[in-house]
Amino acid sequence: MERHPDYTRERVKQLGDRIKAKIYSATQKADRILVSPRVERISYAEAQKLKFKPAKLGDQFGPLWATYWFRVTATVPKEWAGRRVDFLWISWSEATLWRDGKVLQGLNWTHGERPDAIILPRARGGETIELQVEMACNQKFGQWHQKPFANVSPFVLDKCEIAAFDPAAWELYWDLWILQTLEAEMAKENATSDASWQGLLLAELNRFANTFDLEDRSTWKKSQAIPKKLYERHNATATHELSAIGHAHIDTAWLWPLAETHRKCERTFATQTRYMDEYPDFVFACSQAYQYQVIKDRNPDLYRRIKAKVKSGQFVPVGGTWIEPDCNIPSGESLVRQFLVGQTFFQREFGIRCKEFWNPDVFGYNGQLPQIMRLAGITRFLTQKLSWNRFNKPHHHTFNWQGIDGSEVLAHFPPADTYNAEANVAELRKNAKEYKDHDRGRHSLMLFGYGDGGGGPVKRMIESIRRAKDLQGLPRTKMRTSDEFFTLLEKDVIDRPRMIGELYFELHRGTYTTQAQTKRGNRKSEILLHDVEFLATLASLARAIGGGAQPGSSAAGDPGFAYPSNELDALWKLVLLNQFHDILPGSSITLVYEDAKRDYAEIERRGTALRDAALSALSSNGDAFSPVNTTGFARSEVAQTPDGKLAYVETPSYGIGRIDDAMDHVELMKTGNTIVLENAYLRATLSSDGRLISLIDNATGREAIAPGQAAGLKLYEDEPTAWDAWDVDPFHLETERDIEPATRMRVTQSSPLRREVSLDFEIGKKSKMKQTVRLDANARRLEFHCDVDWRERHQFLKAAFPVNVRAMNATCEMQFGNVERPTHYNTMHDLARYEVPMHKWADLSEHGFGVAILSESKYGFGTFGNMMRLSLLRSTKDPDQVADLGPQRFSYAIMPHAGGWREAGVVAEAMKFNVPILWARGTAPPRSFASTMDPNLVIDTIKRAEDGEGVIVRLYECHGARGVARLKLDAPFKRATLCNILEEPTGKAKSRDDGVEIAYTPYQIVTIRFH
């Protein structure tokens, strides 16, 4: 007979659909359905106290984020004896199935694929089944994006029944589905190399359709032999090898609040552990120690199941961090703590250390991560996000990633270009077709399962991979753990290409700026906990150090002061939690930022109390105060005393100093429509419209502002073509305009130690700013302190500095180092970096002179030519309708300097700008607890060791230099040990008198434990 391929394909597909309908051909409606009143997210135990009323199919529920509990009673028909019985539920929402007080699994109809749960593996017939369903009125991605009809809720109870499972129909359906979709995919690709195999598939599937009779079971076994024979057609000897691992990628918060994430974890993990019982070869990877902790705290029974599956090798902890953090904005120390807290958790709970950093959905990766990973015992890295690059796609899927210090890790980008693969035929073939390193190796990894909103793999995906195996036309596919895959990859790909430095993400650049209050809360929290750790360490060592270390000559501090380990651990975990890659970048809904605001307020309250307690322990009686410096740089500057007065202070590195007479003063002169502020280092001229028209470095006489131009505030249209909160598109730079001139300029501080000029601005249509320009005695920076009532929509506010400097690259601070970015658009790689992340400073220097911009809470930056732009505020509407609206406070500064940024001490100046002087009661000779005379080394962190044994001092090399330095510690110690960031010994430090000798290399991170 003549055949038409399209008719045959459609015939086979429809036959498959009819077979699928047989899987649950026998169903039984529930005897009784009861529902609770609308409640919050409550526990199972609390739900048992609720009053229930009858419910029926078709009932509507809501609103968004509401919860309802259902009690379901059903009777198994006697004729189902010996058969498997499943529960079927559709409410167009997320839901959790409970039985006898234990969570069974999640139920979700978002994709039409998880309405079922096994209730009885083998029924007796006649049993009564009692179940409970916790219904969450939200979709996998929060709210419904399709607008429902007026007065109609999208959350409707459409199905609640039990069904007898037909295993023969199940097996036959999936056998047919894989082969049918494989043939169709090859036909769509028009792959001539597969034409013979494709033709055979189509012919045999047609023969199956001719042989099979859906209603005559006697034909099923004979017909099924046809697809079984096709599965014996294997690949050639050399073919692409695909490792597959289940994955859910549960965003710890995004389009839902943290509290819903807790339930997402419960639903997802319960489901996946059940699938592990059903499929012994199924493996599932889960990162983020925080999510494990959530289950441990709220559902001990499920946590025991997870631990058992970890032991069996099916539930695979990966990543080694507390959460999957943003890697642009957190400080270097924060990233260290992500690994320290995460690896400690996995070691304590499961007896394992993760060997891979698992962070597939993050908006760029700074160049210090390879070293931080190595120091945490991690040698492998997995992501895929850079496949989204708009300008330049990555050249490789497998390569060595080398950090700025030279440390290397093995990196792999799954060629499916997703961490939510569905494991269908198209994606399986894509892994092999799109892999960019066939000339070097044969192995790649596929992460499959519904993610972002959790859920993980469904049975369809597992059945697909089970059948793929070595089927001709598909890569040779096998379920493997992460460790098994990377071990294969290490052996397979020996001649690896090398990528050096940051992995810049050419998209989502707006995340350096969106949700300004959250970013400021992060910076202030990092600094606060840094200060608490140092001061508490010093206070706890007061007896060993002796009275001279404290301000009061008559006191030896508080010999009973206990280092607040537990409190610091809790606060650090809050900071780390809010560094999740959809919280800190600013890409979540309003509820998430309400939670973040609460968390940062708690960190400030509790952290400040801990800091004040440590300062009190270091204080003595008396009315005088001594300044306390919590940075690794000596300081000579103006500070505000506890009684609100200004004083000039001299403080050593990590030490206690004294109030002194300033050798400098600030002058203020009004000339025409300008005001001039001047000290020994700087002469700044402000015009009446509020712009900085001149800034002279007095030491060199150089003008920092480009001739005929002025520094000031600029507005830009901010309507990205997609991803509102995430993106700022390049054309926004074409819409630059000055804000309106200042409506008022006045002198608000007039002291020889500090002069301030305040300016009032009206910005855009509705916003207002009070900006205070400050110059202190002996200061090398001119500061701008801003209070804004921000009411704009889709506008971008920046501070623009046209500087009198020419250079091909600008330098930006990053975690434990710096990175250079081009100031031109010569190539597409250059153009892609029109907006980049920075930390506390960015600098543009030519030989002999430069200008640095300092920031206390802003992270977005860009330089084109001589124009340096610091990003201040955005005003996006999606996904948070009120993002950034309301009061905002921030500060920045400009610092002209002779020489380059290294010689000028920009690193130290930015640190001083960010970290305020503190005060302890009493007076004593100045004394430094920790110091080094080498300007290349920054003493970043001083804390008690996690196990309580000794003091940890962490330093990093900041200039790209190498040498030998002496670290002096003003406390008795018996020995010093070099450590990794997990505080495990790696070697003996070379002791010298009251310190240690440190040999360092460019951008090296050094951790020392003093015993």
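What follows is a working chat about the predicted model shown above.

Biologist: Before we start, what should I know about the model and its numbering?
Modeller: Residues are numbered from 1 along each chain as its sequence is written, and side-chain values use heavy atoms, with hydrogens and water left out. This is a predicted model, where local features need pLDDT of at least 70, side-chain atom pairs count only at pLDDT 80 or more, and totals for chains, interfaces and linings use all residues.

Biologist: How many helices and strands are there in the protein chain?
Modeller: The protein chain has 20 helices and 58 strands. Both are DSSP runs numbered from the N terminus: helices are H or I with at least four residues, strands are E with at least two.

Biologist: And what is the radius of gyration?
Modeller: It is 32 Å, close to the 30 Å that the globule rule gives for 1011 residues, so the chain is as compact as a globular protein of that length. The radius is taken over C-alpha atoms, and the rule is 2.2 Å times the number of residues to the power 0.38. Along its principal axes, the C-alpha trace spans about 105 × 60 × 60 Å.

Biologist: What share of the residues is buried?
Modeller: Of the 1011 residues, 64% count as buried. Buried means under 20% relative accessible area, exposed over 50%, and partly exposed in between (1.4 Å probe, protein chains only).

Biologist: Where does helix 14 run, and does it end up mostly covered or uncovered?
Modeller: Helix 14 covers residues 516–540. It is mostly covered, with 22 of its 25 residues buried. At 1.5 Å a residue it should span 36 Å, and its end C-alpha atoms are 36 Å apart, which agrees. The expected span is 1.5 Å times one less than the number of residues.

Biologist: Switching to tryptophan 92: what is its phi?
Modeller: Phi of tryptophan 92 is near 55 degrees, a positive value in a residue other than glycine. Most residues other than glycine have a negative phi, and most peptide bonds are trans. Tryptophan 92 is in the loop between strand 6 (85–90) and strand 7 (94–99). It is partly exposed, with a relative accessible area of 28%.

Biologist: You mentioned peptide bonds. Is the one from glycine 62 to proline 63 cis or trans?
Modeller: That bond is cis, with omega near 0 degrees. Proline 63 is in the loop between strand 4 (60–61) and strand 5 (67–75). The bond from aspartate 878 to proline 879 is also cis, with omega near 10 degrees. Proline 879 lies in the loop between strand 46 (867–873) and strand 47 (886–898).

Biologist: Now phenylalanine 346. Buried or exposed?
Modeller: Phenylalanine 346 counts as buried, at 0% relative accessibility. It belongs to helix 9 (residues 332–350).

Biologist: What does phenylalanine 346 touch?
Modeller: Not counting residues up to four places away in sequence, its contacts include Gln288, Tyr292, Pro317, Thr321 and Cys354. Contact means heavy atoms within 4.5 Å. The C-alpha atoms of phenylalanine 346 and threonine 321 are separated by 9.1 Å, and the two are 25 residues apart along the chain.

Biologist: Last one: where is serine 36?
Modeller: Serine 36 is in the loop between strand 2 (32–35) and helix 2 (44–47). It is buried, with a relative accessible area of 2%. Leaving aside neighbours within four places in sequence, serine 36 is in contact with Leu50, Lys51, Phe52, Tyr68 and Trp69.
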